[in-house]
Amino acid sequence: MPKAKTKTSAIKVAIIGTGGMANWHARYFKATRGCRLVAGVDTSAERLRKFTEAYAIPQAYSSTTELLARSDIDAVAIVTPDPYHKAIALECLAAGKHVLCEKPLALHYPDAKAMADAAKKAGVINMVHFTYRNWAPFQKIADLIQKGKIGEVRHVEASYHQAWLVSKQWGDWRTSDNWLWRLSSEHGSKGTLGDVGVHILDFATYPAGKIKEIYCQLKTFKKAPRNRIGKYKLDANDSAIITVEFANGALGSIQTTRWMTGHLNRIFLKIAGTKGSVCFDSQLSESAYKICTGADIETDTWKTVEAKATPHLHQRFIKSIRTGIQDQPDFARGAEIQKLLDASFKSDEQRKPVRIR
Ligand SMILES: NC(=O)c1ccc[n+]([C@@H]2O[C@H](COP(=O)([O-])OP(=O)(O)OC[C@H]3O[C@@H](n4cnc5c(N)ncnc54)[C@H](O)[C@@H]3O)[C@@H](O)[C@H]2O)c1
């Protein structure tokens, strides 16, 4: 069990990896009481300079080792591309730092498990950045199911759709390194499944429970001559369709793609039970969910309910450091989701269902 942080001064945080997503972390840490952003780390001097200037972060380092030579850092957020998460996390954990790590935790389950084990051994707070845990309706849906409001779960439909292979609203993937690495397994990408499939697997299983069997089909479409742009071989999956059986026997379909024009970033979840259904559609609202229970079942009436705001992950991370009480999602949860990712790849390769053990 992590030790409570007894000091009352601000928790000193460093962000490692100062690219696109680091902006999100900077904004959320800045909006969290009781912490202070004191350092940035990046291998790109230019990106590091722009980032630290933009957020008035006083110190900048070109490596984690350099950062850790400084003894006053309490916590780090690891926001580098996926292949670097493990080595950086292990280095920070060994130095006794609390760690918030971007998803996916690692590239494979054994690596993710090693990270979870190291975090446990270090006795520090560890969290994986499953962003959508910030959304209040999602927390509320999990709570309703836990309390039995829709009875026993029988059927789950979950999807995460993006459109950036067609739409240029987020920039042109053909010319941007920050999109191209996501299309290339040599550059550590696990495709759409590893990138956003990881969220939808968490999104589906957090409320609906563990998965016991998974069947996955992945697809990569040709996107450039010889399927290559510069140093990037475009071989990482673009789409995934997964069918699952949950531990209680419920069935589910989980899917994700980067080809869903008209849905730049849409998350949809419907969970049906023996006494009702709940539904969330981010394209309609990020703060409300729908529910059909009781007498409404007989008339197919869905009530829209605004969910009361819940603390975001950065607030929960800092609170956990202060109280010593580990909040979710921790590295162990990150590793559990990693196991589902590995099983999905195995199922696709073998063209058959894979049992989760
Ligand atoms: N939770 C979410 O919703 C969400 C959304 C987007 C990205 N992500 C995750 O965030 C991470 C970063 O994604 P991004 O979009 O910011 O990528 P990015 O390519 O925009 O930025 C990554 C940065 O890390 C730096 N970097 C690379 N190796 C490094 C190292 N060894 N030490 C220090 N810095 C290093 C790069 O120079 C770059 O500036 C990825 O793991 C990605 O999956 C999560």
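Colleague: Histidine 25 lies in helix H1 (residues 22-30). Why is histidine 25 called buried?

Modeller: The model is a predicted one. In it, histidine 25 has a relative accessible area of 0%. The term buried applies under 20%, so a residue at 0% is counted as buried.

Colleague: What makes the pairing of histidine 25 with glutamate 102 a polar contact?

Modeller: The side chains of histidine 25 and glutamate 102 are joined at 2.7 Å. The limit for a pair of N or O atoms is 3.5 Å, and the value of 2.7 Å therefore meets it. The side chain of histidine 25 also makes a polar contact with the side chain of histidine 314, at 3.0 Å.

Colleague: Which residues of helix H9 are buried along with histidine 314?

Modeller: Helix H9 spans residues 313-323. Besides His314, its buried residues are Leu313, Arg316, Phe317, Ile318, Ser320 and Ile321. As a general point, an α-helix has 3.6 residues a turn, so residues three or four places apart point the same way.

Colleague: How do you know that the bond between lysine 103 and proline 104 is of the cis kind, and where does proline 104 lie?

Modeller: Omega for the bond that joins lysine 103 and proline 104 is about -15°, and the bond is cis. Proline 104 lies in the loop between strand E5 (98-102) and H5. A cis peptide bond also joins glutamine 328 and proline 329, with omega about 0°. Proline 329 is found in the loop between H9 and H10. In general, most peptide bonds are trans.

Colleague: Glutamine 326 is found in the loop between H9 and H10. Why is glutamine 326 called partly exposed?

Modeller: The relative accessible area of glutamine 326 is 22%. Buried would require under 20% and exposed over 50%, so 22% falls in between and the residue is partly exposed. The side chain of glutamine 326 reaches the backbone oxygen of asparagine 126 at 2.6 Å. Glycine 324, which follows H9, has a positive phi near 80°.

Colleague: What makes the phi of asparagine 227 worth noting?

Modeller: Phi of asparagine 227 is near 55°, a positive value in a residue other than glycine. Most residues other than glycine have a negative phi. Aspartate 300 also has a phi near 55°.

Colleague: Are asparagine 227 and aspartate 300 buried or exposed?

Modeller: Asparagine 227, in the loop between E8 and E9, has a relative accessible area of 18%. That value is under 20%, so asparagine 227 is buried. Aspartate 300 lies in the loop between strand E15 (288-293) and strand E16 (303-306). Its relative accessible area is 63%, which is over 50%, and aspartate 300 is therefore exposed.

Colleague: Why does arginine 226 count as exposed?

Modeller: Arginine 226 is found in the loop between strand E8 (211-219) and strand E9 (228-229). Its relative accessibility is 72%, and the term exposed begins over 50%, so arginine 226 counts as exposed.

Colleague: What forms the second largest pocket?

Modeller: About 230 Å³ of space lies in the second largest pocket. Of its 15 lining residues, the closest to the centre are Lys210, Ala335, Glu336, Lys339 and Ile356. The elements that give two or more residues are helix H5 (109-122) and helix H10 (331-350). H10 provides the largest share, six residues. By class, the lining has seven nonpolar, one polar and seven charged residues.

Technical notes:
Residues are numbered from 1 along each chain as its sequence is written. This is a predicted model: local features need pLDDT of at least 70, side-chain atom pairs count only at pLDDT 80 or more; totals for chains, interfaces and linings use all residues. Side-chain values use heavy atoms; hydrogens and water are left out. On a 1 Å grid over the protein atoms alone, a cavity is a set of points where a 1.4 Å probe fits but cannot get out, and a pocket is an open set with protein on both sides within 12 Å along at least five of seven lines; lining residues have an atom within 4 Å of a point. Grid points are joined across faces, edges and corners, and a volume is the space filled by probe spheres set on the points. Helices (H or I, at least four residues) and strands (E, at least two) are DSSP runs, numbered from the N terminus. Ala, Val, Leu, Ile, Met, Phe, Trp, Tyr, Cys and Pro count as nonpolar, Asp, Glu, Lys and Arg as charged, and the others, Gly among them, as polar. Buried means under 20% relative accessible area, exposed over 50%, partly exposed in between (1.4 Å probe, protein chains only). A polar contact is a pair of N or O atoms within 3.5 Å; within protein, one must be able to donate a hydrogen and the other to accept it, and residues adjacent in sequence count only if both atoms are side-chain atoms.
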